[in-house]
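Please walk me through this model, stop by stop. Tell me what to select next and what I will find there.

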Amino acid sequence: MGIKGLTKLLNDEAPGCIKEAELSSYTGRKVAIDASMALYQFIIAIRSGSEGFAAQVLTNEQGEITSHIQGIFNRTIRMLTNGIKPVYVFDGKPPTLKSGELAKRMARRQEAQSKLEAAESVEDKEKYGKRLTRVTRKHSEDAMKLLRLMGVPVVQAPCEAEAQCAELARAGKVWATGTEDMDALCFRTPKLLRRLTFGAANKQPVMEVDYQKAIDGLGLTYEQFVDLCILCGCDYTDTIKGIGPKTALKLVRTHGSIANVVRSLDKKKYQVPAGWIKGSNPAPSAKPDEATEGEDGLEGEGASNKENSEKNESAPPESDEKKKAEDAEKADDA
DNA sequence: CCTCTCCCAGGAGACGGG
DNA sequence: GCCCGTCC
DNA sequence: ACATCCTGGGAGAG
């Protein structure tokens, strides 16, 4: 996940938008965290007996996974100990992941699936079974229950958790989004905190990115920033060979939008992937520029301007906005 | 100057006793 | 502070 | 996904 070379680009072109600090300097801050992402990592990472034979997840007497409970518990305790107030945000409707990454995951998953069925040895079955790991509804419910018992606020996002985290931050309900994924900036979270899980005892400090300083430093609008990220290469689209972060920035600055950039490119020199941005498509879809505006009610999903032909995700209705706000109020009590 | 490719090292959750 | 064993 | 897999940094060519 992430935007290729974005961290370096920001360091080079928007100096000051990234800074590092001790965990202790965030005492008292409320931070929104994508719960599903955390759960997935815990389920993958927390295993016992990795040195011996069977690398197994932690389970209860019924054989159900409990790694995620252990992980969420420890991490939450750690943050609370440091005076940081987490707000866990759970995914709602599965996001319309873009064709690229989604297809890739699907392919990998199906490959594992078929290999699992073909597997004869116990080892193989175990091996391929692991590749099918995913966060289930039950895992999420377990975590929600735990968090509620701990008095930690939980938010149910209408769609993508990352987008919701950014909205909470924009609304001032939390101070920042805690994530390892720079994609969060594309949802306009005012502050992004990386390596928040590493404590004082650990090596790297917390990394803090200021969204406003970032786009100001780059000299771009929000829409242009999203376009830049797409050009740099994100999870959802292929990149154009020969165009890296520096060139992408220059192009967006010069032409103003990704549609204009693509239009102006020498197609003989640069291979634009099939089915790319509308500007590359002979059939113009309405007004390209408007597709990137947030006026349709879609939160964040700026990157969705490339999928305007697909079923547009039903926009998060106002009621969801209120619901999340209410939930976040509880954060104040914690 | 910028990008691409290749290679390789390191990390992949957190705690706590020794 | 590091090294590992442990967490279920 | 720990008998693997992914990422980031550096070298070197185009």
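## Stop 1: DNA strand C

Of the DNA strand C atoms that come within 4 Å of the protein, 57% belong to sugar and phosphate. This is a predicted model, and the distances below are computed from it.

Now show the polar pairs. Two of them involve bases and the protein backbone:

- T59: a polar backbone atom is 2.6 Å from a base oxygen of DNA strand C.
- R47: a polar backbone atom is 3.5 Å from a base nitrogen of DNA strand C.

Then pick T66. One of its polar side-chain atoms lies 3.4 Å from a sugar or linking oxygen of DNA strand C. Colour the surface near DNA strand C by residue class: 4 residues are polar, 1 is nonpolar and 1 is charged.

## Stop 2

Select residues 191-194, which form strand β8. Side chains in a regular strand alternate between the two faces of the sheet. In β8, K191 and L193 point one way, while L192 and R194 point the other way. Are these residues buried or exposed? All of them are buried.

Centre on L192. In β9, the bridge partner of L192 is V209.

## Stop 3: T189

Move to the loop between β7 and β8 and select T189. T189 is buried, and its relative accessible area is 0%. Which backbone oxygen does the side chain of T189 reach? That of K191, at 2.9 Å. K191 is also part of β8.

Now list the contacts of T189, leaving aside neighbours within four places in sequence. They are A166, A169, A176, T177, A184 and Y211. A166 and A169 are among the buried residues of helix α7, the next stop.

## Stop 4: helix α7

Select residues 161-170, helix α7. Why is α7 described as largely enclosed by the rest of the structure? Because 9 of its 10 residues are buried. Those buried residues are A161, E162, A163, Q164, C165, A166, E167, L168 and A169. Charged residues E162 and E167 are in that list. After α7 comes G172, with a positive phi near 80°.

## Stop 5: helix α9

Select residues 222-232, helix α9. α9 is mostly covered, with 10 of its 11 residues buried. Highlight Y222, Q224, F225, V226, D227, L228, C229, I230, L231 and C232, the buried residues of α9.

What do they pack against? Show four helices: α1 (6-13), α8 (211-218), α10 (245-255) and α11 (258-264). After α9 comes G233, whose phi is positive, near 115°.

## Last stop: confidence

Colour chain A by pLDDT. The mean is 78, and 72% of the residues reach 70 or more. Then select residues 279-334, where pLDDT stays under 50. The model has 81 contacts beyond four places in sequence for this stretch.

How values were computed
Residues are numbered from 1 along each chain as its sequence is written. Chains are lettered from A and ligands numbered from 1 in the order in which they are written. Side-chain values use heavy atoms; hydrogens and water are left out. pLDDT is the predictor's confidence in each residue, from 0 to 100. Contact means heavy atoms within 4.5 Å. Buried means under 20% relative accessible area, exposed over 50%, partly exposed in between (1.4 Å probe, protein chains only). Helices (H or I, at least four residues) and strands (E, at least two) are DSSP runs, numbered from the N terminus. Two strands pair if DSSP finds at least two bridges between them. A residue is near a molecule or strand if one of its heavy atoms lies within 4 Å of it. A polar contact is a pair of N or O atoms within 3.5 Å; within protein, one must be able to donate a hydrogen and the other to accept it, and residues adjacent in sequence count only if both atoms are side-chain atoms.
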